[in-house]
Amino acid sequence: GLIYRLLKAKRFHRILFLVDRNSLGEQAQNAFKDMRLEQNHLFTEIYDVKELGDIVPDSATKVQVATVQGMVRRIFGEGSEIPIDRYDCIIVDEAHRGYILDREMGEGELEIRSEADYISSYRRVLDHFDAVKVALTATPAQHTVEIFGHPVFTYTYREAVIDGWLIDHEPPIRIVTQLAEKGIHFGKGEKVQIVKPVTGALDIASLPDELDFEIDAFNRLVITENFNRIVCDELAKQLDPTGEQKTLIFAANDHHADLVVKLLKEALDKLWGQIDDKTVMKITSRTDKPLTAIRLYKTQRMPLIAVTVDLLTTGIDVPAICNLVFLRRVRSRILYEQMLGRATRLCPEIDKEVFRIFDAVDIYSALEPVNTMKPVVQSVSIPLAQLFAEIADDKSHTLPGSDEHHSHADDVRDQIVVRIRSLIRRATKNLKDHPELKEPLDLLAKIAGVPLQDWPAALKNSDTAEVAALVRSTPSLLKLLERLQLGGIGGFGQVISTHDDQLIGIETGYGKAKKPEDYLDSLRQFILDNRNKIAALNIAVTRPRELTRENLRQLRLALAAAEFSEATIRTAWREAKNEDIAASIIGYIRQLALGSPLIPFEARVDRAYKKLLASQPWPIPQRKWLERIAKEMKRSIIVDATTFEEGAFKNFGGLRNLQHVFGGEALTVLDQFEESVWEDAA
């Protein structure tokens, strides 16, 4: 829509729509294909997409859709040359992705290390072209502002929910187990099973020290089948394998995903009887034909429950997702919000009203304090082999380092020292249980010429030229250190826990309020404190039939700012009163403020509609309009004069036609309808 408007306004002649390969799905491709078919004057070409191959666009094409990776190759690859004025406008989708800030780089790093490791692909492309840049993202971060400038337009998730474009979520459901509360403890000398990284092979090790794991390490550093079984048993009670609602479960890694699929199938079979084997499916990068699995999850009823790691965290659009399950912690606010975004889509086909969050690792409260945008800068891990190569490069000794007294080689030497000290310490600590470490340690001691524990300090005090000479003259050094790397703690992989676990309880998160009753009490107090300060709130309490759609929007925004949402209010009422009433936000406000009876809003509208029909004989055209008004009122709560100038009402002639049908008394009839809706008669 944005691209079409820009072209129609003739503001720009040629536009580049820049996307990340992971975010250009079938829906985006089809949208551009449809636009090309519908508008003869508009030609789009999509290239560098895996399914389509590399397509070199025609220079006359008005809109070109490219992946970032493809544009980097075309601009900076051998023999490629694209003029800097090729495009008038560049639109960057998912603009929060993949940035590393220039301020994180030293001059020496820029000279000797690959620029691609440090400067984002987006930024390299953006800096190449002399064009207007437009950045689009639903999850902006500090680095987005530093690259593109401050936002010219913001539209929050709360606003989108209030305006009916996205779905709200109920307060998170926290699954609390004994191990999650107390953690997992292993005693010194205890024999434990270890899952080796990469290979996944099992090994037995004796712990040299006590080992403790808190909830944030569950399923990441320690595998605890009993904890996952308790969680899956509870999920089986909450998820309906016979329904239409889809569930997305975030696991820690591929092995954990396999375990969750197995345990959840067992729990569902036990509770619901034999279920279709396709109900629960692992969809990770290691799944056989992952793109086919994703397509099935998007377009077919089965699988109903997908267990993923990173493959479905961003860029996937499945409106039927109504449940999110977190079995692993993430530390990035942006990634977490992207994960939550998988369930925010509207899906009227299955009557989706809210989505639910099941939190087994306390991620919701862990990230709750993050209420401002903080820098999210990619961390580039420099392999030991690269550090050796850099210090052996004469160029590094003349390039500036992190401060005026350091060369880049000094910085690299310090990194090497830290890495070697860590490897030696870990290997020495684990030598008793890993005798295979003895040989590389003995050989390293001969190379060092000093006791190994003193070697890092000796290297630190050595001239960078001496360290470089050692690296050049001892090709076996890197291999010996890498053998320690495989045998140290890095080789431990995940510890397997067989500790017993049991469910302590299911908690619902109400922010500062501990109980649903507390949440409702705080809302009641908010209403009493603010009914004379917030005009829309005062109208809702005293004269609800006079509310306009703009009043209702302002009321919802004011409640959202105070952390009150309709979904949470309804959930709190259900848990506190043991009754689920689909009342409107106005109904809840009036009940808490005045004690008015809480009636499902649809029932209110049906009652008012019947009363109005019975009040006099209505000609068929008028009855048809009353029926349309009732239907719209159930959907949007407020029907005022502005309602008839948009959507379906506009197609029926709008307010002008409505007045004609009702002989100029349309607004009077509408007032009668609204007044009947809010009559608090039993």
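On a 1 Å grid over the protein atoms alone, a cavity is a set of points where a 1.4 Å probe fits but cannot get out. The structure is a predicted model, in which local features need pLDDT of at least 70, side-chain atom pairs count only at pLDDT 80 or more, and totals for chains, interfaces and linings use all residues. Residues are numbered from 1 along each chain as its sequence is written, and side-chain values use heavy atoms, without hydrogens and water.

A search of the whole structure gave 2 cavities of 30 Å³ or more. The largest cavity holds about 50 Å³ of space, the volume being that filled by probe spheres set on grid points joined across faces, edges and corners. Its lining residues (an atom within 4 Å of a point) include Phe388, Trp455 and Leu477. Helices are DSSP runs (H or I, at least four residues), numbered from the N terminus. H15 (408-429), H17 (455-460) and H18 (464-473) each supply at least two lining residues of the largest cavity. H18 gives the largest share, 3 residues.

Buried means under 20% relative accessible area, exposed over 50%, and partly exposed in between (1.4 Å probe, protein chains only). Cys322 is buried at 2%, and Cys232 is buried at 0%.

Val152 is exposed, with a relative accessible area of 85%. Val152 sits in the loop between H6 (142-148) and H7 (157-162).

Key. On a 1 Å grid over the protein atoms alone, a cavity is a set of points where a 1.4 Å probe fits but cannot get out, and a pocket is an open set with protein on both sides within 12 Å along at least five of seven lines; lining residues have an atom within 4 Å of a point.
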